[in-house]
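Subject: Structure handover

Dear colleague,

I am passing on the structure below, together with my notes on what was found in it. Please read the notes with the structure open beside you.

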Amino acid sequence: MSPSGWCLASGFDPLYKGWDGETLLYDQFSGDTHVVDDLCMAIIELLAKGCLSEEQILKKIVQYIDVDPGIDFDPVVQQRLAALVKLNILQCPT
Amino acid sequence: MPHVTPLNSLSFARFSSQLAGAGVAFSVGPFVVSLKSSITSVAEGVYQLYGEYPLIAGGADRFVDYYLALEQSQGLRRWHRPQVKFSYDGLHPFKPLPLNQALPLFEWGLNWCVASQMHSYLLIHAAVIERNGVAIILPAPPGSGKSTLCAGLVSRGWRLFSDEMAIISMADGQVVPCPRPIGLKNESIQIMRDYEPQAVISRASLDTIKGTVALMKAPSDSIRRAAETARVGGIIFPRYQTNAEALMTVRSKAQTGLYLADNSFNYSVTGARGFNMLAEVVDGAACLEFTYSRLDDAVRIFDALEWSA
């Protein structure tokens, strides 16, 4: 996969436990612990299989969680991607 | 049940002489402390608050977890604003404090020893109480009324595990009791004197970093049952709010886990084991927030909690 896509941060090695739409996530590499929502976890699980472009992420997520066709989901996913970068879970495309 | 000789089986004269000499060893929950001090207020305070704790007989072969000493600073400090020094295995991890803070310094120093050493346990800054084999963890930031609530509940039949630290075994997730004196601050001291007139409360230390501080002796039953562990049934965040009606509400489990991780003394050094244990504890516990203004309301609501082991 091209390194220009969205990828999990190098070394990211999560353990996690979810309850009611929220997940407590521990990165064994950094030692950081976070709470993320279901959408963030869906993105993390997608990217665990390999790097993806934003378009690919959006397409797969929309299928995965069965989003209503009328909803503009781009900004929602973009916001989660930015949040995950801030938590050092994802690497921005280069 | 092994026969236990309490520390106060020694006369005060013999205790204070031994304390000033070779030191006195006693067990406090899962560990053994050896304390040396020739300071009268320390002898009086420890005898008053720890008198019912198991005395560990002398001899070079006895096992001690922490060798502690509280001694008065020497030199000119003996006469001008006298100070007390805390030492652990001969090291001085803290700056000296005014002599009138010797007893709280013992408690703070012991907290530091436990928090920095006992990594076979997950250690979380919280009070813990128990009833019917179910432990309730009360984590809370300073000023939330945690210690006052804890003192109130243990004065009305709840068993004290700790006012300061949840000690969770990494082996089986059981909470281990470490019933030590409850640290009361400022107005909480008088509140507890009024609420439980029978409570044994130490002389107050003024002008500490936490304000006026006094220590309330752990209930005798809690000291006697210090070997009885319990599973965690609830994690309840108390919040004192003037004139508030008592109210218990559900709290997010993930956020509860994050708070506990942030307020653990050793989560960062326990790695994956610590996370897995934390997740297991949160998963099995009811996570709640409790707002209150009156201790009687709090006792009534906690008494009505229906959990069984």
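In the largest nonpolar core of this predicted model, which holds 116 residues, the members that touch the most other members are B:Val128, B:Ile129, B:Ile137, B:Leu138, B:Val175 and B:Leu278. The element that gives the most to this core is helix H3 of chain B, spanning residues 102-117, with 8 residues.

Turning to chain B as a whole, you will find 9 helices and 17 strands in it. Its radius of gyration is 19 Å, which agrees with the value near 19 Å that a compact globule of 309 residues would have, and its C-alpha atoms fill a box of roughly 55 × 40 × 35 Å along the principal axes. Of the 309 residues in chain B, 45% are buried. When contacts in chain B between residues at least 6 apart in sequence are considered, 71% of them join residues at least 24 apart.

Chain A has 3 helices and 5 strands, and along the sequence these follow the pattern β-β-β-β-α-α-α-β. Chain A is as compact as a globular protein of its length, because its radius of gyration of 13 Å is close to the 12 Å that the globule rule gives for 94 residues. The C-alpha trace of chain A spans about 40 × 35 × 20 Å along its principal axes, and 26% of its 94 residues count as buried. Among contacts in chain A with a separation of 6 or more, 48% come from residues 24 or more positions apart.

One of the buried residues of chain A is A:Ile57, which is placed in helix H2, residues 54-65. A:Ile57 counts as buried because it has 21 C-beta neighbours inside 10 Å, where the cut-off for a buried residue is 20 or more. Not counting residues up to four places away in sequence, A:Ile57 touches A:Trp6, A:Ile43, A:Leu46, A:Leu52 and A:Val77.

Where the two chains meet, 12 residues of chain A are in contact with 14 residues of chain B. On the chain A side, the elements that give two or more residues are strand E2 (14-19), strand E3 (22-27) and strand E4 (33-37), and the largest share, 4 residues, comes from E3 of chain A. By residue type, this side of chain A divides into 5 nonpolar, 4 polar and 3 charged residues.

Most residues other than glycine have a negative phi. A:Asn88, although not a glycine, has a positive phi of about 60 degrees, and B:Asn132, also not a glycine, has a positive phi of about 55 degrees. A:Asn88 lies in the loop between helix H3 (74-86) and strand E5 (90-91) of chain A, whereas B:Asn132 is found in the loop between strand E8 (127-131) and strand E9 (134-138) of chain B. With 16 other C-beta atoms within 10 Å, A:Asn88 is partly exposed, while B:Asn132, with 12 within that distance, is exposed.

With kind regards

Conventions. Residues are numbered from 1 along each chain as its sequence is written. Chains are lettered from A and ligands numbered from 1 in the order in which they are written. This is a predicted model: local features need pLDDT of at least 70, side-chain atom pairs count only at pLDDT 80 or more; totals for chains, interfaces and linings use all residues. Two residues are in contact if their C-beta atoms, placed from the backbone, lie within 7 Å. Ala, Val, Leu, Ile, Met, Phe, Trp, Tyr, Cys and Pro count as nonpolar, Asp, Glu, Lys and Arg as charged, and the others, Gly among them, as polar. The radius of gyration is taken over C-alpha atoms; the globule rule is 2.2 Å times the number of residues to the power 0.38. A nonpolar core is a set of buried Ala, Val, Leu, Ile, Met, Phe, Trp, Tyr and Cys residues joined through C-beta atoms within 7 Å.
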